[in-house]
Amino acid sequence: MTYNRTIIITGGAGFIGSHVVRLFVNKYPDYRIINLDKLTYAGNLANLKDIEDKPNYRFVKMDICDFEAVMALMQEEKVDGVIHLAAESHVDRSIKDPFTFAQTNVMGTLSMLQAAKIYWESLPERYEGKRFYHISTDEVYGALELSHPEGIKPPYTTKASSGLHHEAYGEDFFYETTKYNPHSPYSAAKASSDHFVRAYHDTYGMPTVVTNCSNNYGPYQFPEKLIPLFINNIRHRKPLPVYGKGENVRDWLYVEDHARAIDLIFHQGKVAETYNIGGFNEWKNIDIIKVVINTVDRLLGRKEGEDMDLITYVTDRAGHDMRYAIDSTKLQKELGWEPSLQFEEGIEKTVRWYLDNQEWMDNITSGEYEKYYEDMYKNR
Ligand code: NAD
Ligand code: DAU
């Protein structure tokens, strides 16, 4: 079969990457989708069980930092698009181990860029019909003030923020023009990688695009992140470690809405542009935690709220950013993207998924999934 496009998606065995791979493999049978993933602790091929036998899908276990291997893969597969998600993604880990974050997020991105540059520049058509799409985060913009701790009416609402709770906790937002001001080793490394991507456009003319998205939630998220960690702890009646006073604000988007935005921007985003992705859906951590507790309790047949006493205030995260809030007006106006899911529906769907897929969770927390992929891929 000849394919119309061949795309490498890096980090496709992770949380967001697996949703992007699934969307592209199912929606575009005429595209060849190569999932390039090193399978670190965060990579889990069980996230992709439902599509692993599709004819237009190939998994390649590879480190993005291995420039020679990436280069050879691009040539072998005649790759014409890269959607780059692979990264170390957890802020707490970056505080303990910044070197790994610099290596993967900065050097790994540089390795992907340089391999794409050399391969594409070797072709007669060079960059025509090519695209390097880098997935970044709102954290590169730094932190906003909690200037309205009680909440005010947000300037916009979307489907995501159309539920009972719809607050903004300040007048400021992150715009595409907001100056970078990262605070954690994770966000500093992501910021650096974003600069490299833009430099490859400005210096070599590579057709790049960068997006900065807010906090994602949904199925297949590694249970070190707030929502899956807390769902699992509530299920097992383990303490819920709330950093500081639980007053920090994050802007939450359902992961499939992010994946849909990535699809749209990969195909229709303008070269060299930046797009913010978010649903104007700000929540204080403590408020979201209460919603999660009530939902888990209800779905497990417990009395709603009976697990509130699991909330345990612990020492704050070092350098903990106070508030993130994305303004995604540009993406909504220019490309017509909209979140599809109201937050309350999204949380219900997410909690239900983790409770229905306890084996997935238990395999991770017991380390079983590492055996799964070792057995399955050792001879490939
Ligand atoms: P994740 O930690 O769940 O997955 C990361 C994936 O990258 C894993 O499959 C891992 O095996 C792979 N990987 C790590 N190092 C690698 C390497 N050296 N070579 C090849 N593969 C490697 O991450 P996520 O939460 O899905 O985030 C994906 C991307 O989206 C990241 O770039 C992150 O910065 C960005 N992002 C995440 C969020 C969020 O809320 N999770 C929000 C905005 C942006
Ligand atoms: O904003 C986008 C970012 O969102 C992504 O770039 C990151 O990859 C992703 O991990 C996420 O970063 P956060 O640090 O916001 O996510 P996390 O789930 O770690 O924490 C969410 C909030 O909850 C944050 O304010 C810290 C707090 N928290 C987190 C954990 C894990 C707690 O209070 N207790 C916890 O145990």
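This is a predicted model: local features need pLDDT of at least 70, side-chain atom pairs count only at pLDDT 80 or more; totals for chains, interfaces and linings use all residues.
**Packing of α6 against α10**

Two packed helices are described by the angle between their axes and the distance between the axes. For helix α6 (residues 226-235) and helix α10 (residues 343-356), the axes come within 10 Å and cross at roughly 55°. Angles under 35 degrees count as roughly parallel and those from 65 to 115 as roughly perpendicular; α6 and α10 are therefore oblique to each other. The crossing in which α6 passes α10 is right-handed.

On the α6 side, the contact is made by Ile227, Pro228, Ile231 and Arg235, which meet Ile347, Thr350, Val351, Tyr354 and Leu355 of α10. Sorted by class, this contact comprises seven nonpolar residues, one polar residue and one charged residue.

In helix α11 (residues 358-366), the buried residues are Trp360, Met361 and Ile364. These residues lie on the same side of α11 because they cover an arc of only 95° around the axis. An α-helix has 3.6 residues a turn, so residues three or four places apart point the same way. Glu359 and Ser366, by contrast, are exposed on the other side of α11.

Helix α2 (residues 67-77) has as its buried residues Ala69, Val70, Met71, Leu73, Met74 and Glu77.

|---|---|---|

The relative accessible area of tyrosine 31 is 8%. Buried means under 20% relative accessible area, and tyrosine 31 is therefore buried.

Apart from its neighbours within four places in sequence, tyrosine 31 is in contact with Tyr3, Arg5, Ile7, Phe24, Asn56 and His267. Tyrosine 57 is 26 residues from tyrosine 31 along the chain, and the C-alpha atoms of the two tyrosines are separated by 8.8 Å.

How values were computed: Residues are numbered from 1 along each chain as its sequence is written. Chains are lettered from A and ligands numbered from 1 in the order in which they are written. Side-chain values use heavy atoms; hydrogens and water are left out. Axes are lines fitted to C-alpha atoms, for helices over the stretch in contact, and angles run from 0 to 180 degrees between N-to-C directions. Helices (H or I, at least four residues) and strands (E, at least two) are DSSP runs, numbered from the N terminus. Angles under 35 degrees count as roughly parallel, over 145 as roughly antiparallel, 65 to 115 as roughly perpendicular and the rest as oblique. A crossing is left-handed if the near helix is turned anticlockwise from the far one by less than a right angle, and right-handed if clockwise. Contact means heavy atoms within 4.5 Å. Ala, Val, Leu, Ile, Met, Phe, Trp, Tyr, Cys and Pro count as nonpolar, Asp, Glu, Lys and Arg as charged, and the others, Gly among them, as polar. Buried means under 20% relative accessible area, exposed over 50%, partly exposed in between (1.4 Å probe, protein chains only). The arc is that of the directions from the helix axis to the C-beta atoms.
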